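Here are my notes on this one, jotted down while going through the model. Have a look at the structure first, then read on.

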Amino acid sequence: MQYCGKDMKEYPVLLKRPRIILNMAQALNGYISGEGGARVQISSQEDMDRVMKLRDEVDAIMIGGNTMRLDNPYLRSDKCRYRIVITSKGKIPDNANLLGNGNRLIVINEDKEENDGNISYISAGRPMDLRIAMNRLYEKGIRSILLEGGKTTAESFLKLGMVDVMYLFVGYMIMEGKGIHLFDHNKRIKDIIEDAVLMNGGVLLRLNPIKLGESL
Ligand SMILES: NC(=O)c1ccc[n+]([C@@H]2O[C@H](COP(=O)([O-])OP(=O)(O)OC[C@H]3O[C@@H](n4cnc5c(N)ncnc54)[C@H](OP(=O)(O)O)[C@@H]3O)[C@@H](O)[C@H]2O)c1
């Protein structure tokens, strides 16, 4: 992968990027969605209030393409300036709720590099290099991002060591075993939990994102 005429391998970790907070919710048995990726409400009201506060504190809220297509979330926040979606072909459905409220949307995609009204496309190359994409966001003035999933996107950022803080809300519910599981391998990870807080309807864990990423 070339960047500014140099091979990325020459400086893979030196690129400046926004601070990234990853926030996910899972059932007690590890599922983050129902059958076929159907959205299931796992967070309690208290947890949703916490997430709303986080959204108000960041410059951008980011999701992956499947979450956009399956959940079609609004990602509401009056204070957050940008919504970001990662989707290789850069296709945004006309009915995407992300576009509501006059939100400015950034689409990280393979090839397209243009501005179209409230939508800006950022090319991350083919295959997409999320390190370059994050550096481009930094250059645009975006200094903090709340990453709200789903699984593929969360794991991509964790594996690249690009998550600074990770919250996992474990809701007091058991889901039918037909949905998407967050992490599915057999590794023990020492000192993975940095903090745990009991909340209404579940427990909020703060996990060490570097240790988690190394284990994936
Ligand atoms: N419980 C929770 O906290 C929570 C939060 C969010 C979502 N969810 C659930 O998660 C499910 C979706 O998760 P998912 O894993 O299927 O999808 P996802 O992470 O939402 O989106 C994956 C898509 O994002 C793009 N993408 C992300 N990282 C990429 C990379 N490194 N390289 C290339 N493309 C990349 C691709 O889009 P294209 O395919 O468009 O190229 C990829 O197919 C939904 O069922 C949703 O309900 C749960």
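The points below go from the overall fold to the ligand shell and then to single residues.

1. **Ground rules.** This is a predicted model, so to speak of local features a pLDDT of at least 70 is needed, side-chain atom pairs count only at pLDDT 80 or more, and totals for chains, interfaces and linings use all residues. Residues are numbered from 1 along each chain as its sequence is written.

2. **Overall fold.** The protein chain has 5 helices and 12 strands (DSSP runs numbered from the N terminus: H or I of at least four residues for helices, E of at least two for strands). Its radius of gyration is 17 Å, close to the 17 Å from the globule rule for 216 residues, so the chain is as compact as a globular protein of that length (taken over C-alpha atoms; the rule is 2.2 Å times the number of residues to the power 0.38). Along the principal axes, the C-alpha atoms fill a box of roughly 50 × 40 × 30 Å.

3. Of the 216 residues, 35% count as buried (buried means 20 or more other C-beta atoms within 10 Å of the residue's own, exposed means 12 or fewer, partly exposed is in between, and C-beta atoms are placed from the backbone). Looking at contacts with a separation of 6 or more, 62% are between residues 24 or more positions apart (a contact is two C-beta atoms, placed from the backbone, within 7 Å).

4. An open sheet of 10 strands runs in the order 7-8-6-5-4-9-3-10-12-11, with mixed pairing (two strands pair if DSSP finds at least two bridges between them). Strand 7 (115-116) and strand 11 (193-199) are the edges, each pairing on one side only.

5. **Strand 3 and its surroundings.** Strand 3 is mostly covered, with 7 of its 9 residues buried. It runs parallel to strand 9, with 4 bridges, and Ile-21 has Leu-146 as its bridge partner there. Strand 3 is also parallel to strand 10, this time through 7 bridges; Gln-26 is partnered with Val-170.

6. **Helix 1.** Helix 1 (residues 45-57) lies across strands 3, 4, 9, 10, 11 and 12, at about 165 degrees to strand 3 (axes are lines fitted to C-alpha atoms, for helices over the stretch in contact, and angles run from 0 to 180 degrees between N-to-C directions). Asp-56 lies in this helix and is exposed, with 12 other C-beta atoms within 10 Å. Leaving out residues up to four places away in sequence, Asp-56 touches Ser-77, Lys-79 and Cys-80.

7. **Ligand shell.** What surrounds the ligand? A shell of 28 residues, the closest being Gly-64, Gly-65, Asn-66, Gly-149 and Gly-150 (near means a C-beta atom, placed from the backbone, within 6 Å). Helix 2 (65-71) gives the largest share, 5 residues. By class there are 10 nonpolar, 14 polar and 4 charged residues (Ala, Val, Leu, Ile, Met, Phe, Trp, Tyr, Cys and Pro are nonpolar, Asp, Glu, Lys and Arg charged, the others, Gly among them, polar).

8. **Cis peptides.** The bond from Gly-149 to Gly-150 is cis, with omega near 0 degrees, and Gly-150 sits in the loop between strand 9 and helix 4.

9. **Positive phi.** Two residues other than glycine deserve a glance. Asn-72 has phi near 45 degrees and is partly exposed, with 13 other C-beta atoms within 10 Å. Leu-75 has a phi of about 50 degrees, yet counts as buried with 24 C-beta neighbours inside 10 Å. Leu-75 is found in the loop between helix 2 and strand 5, and that loop holds Asn-72 too.
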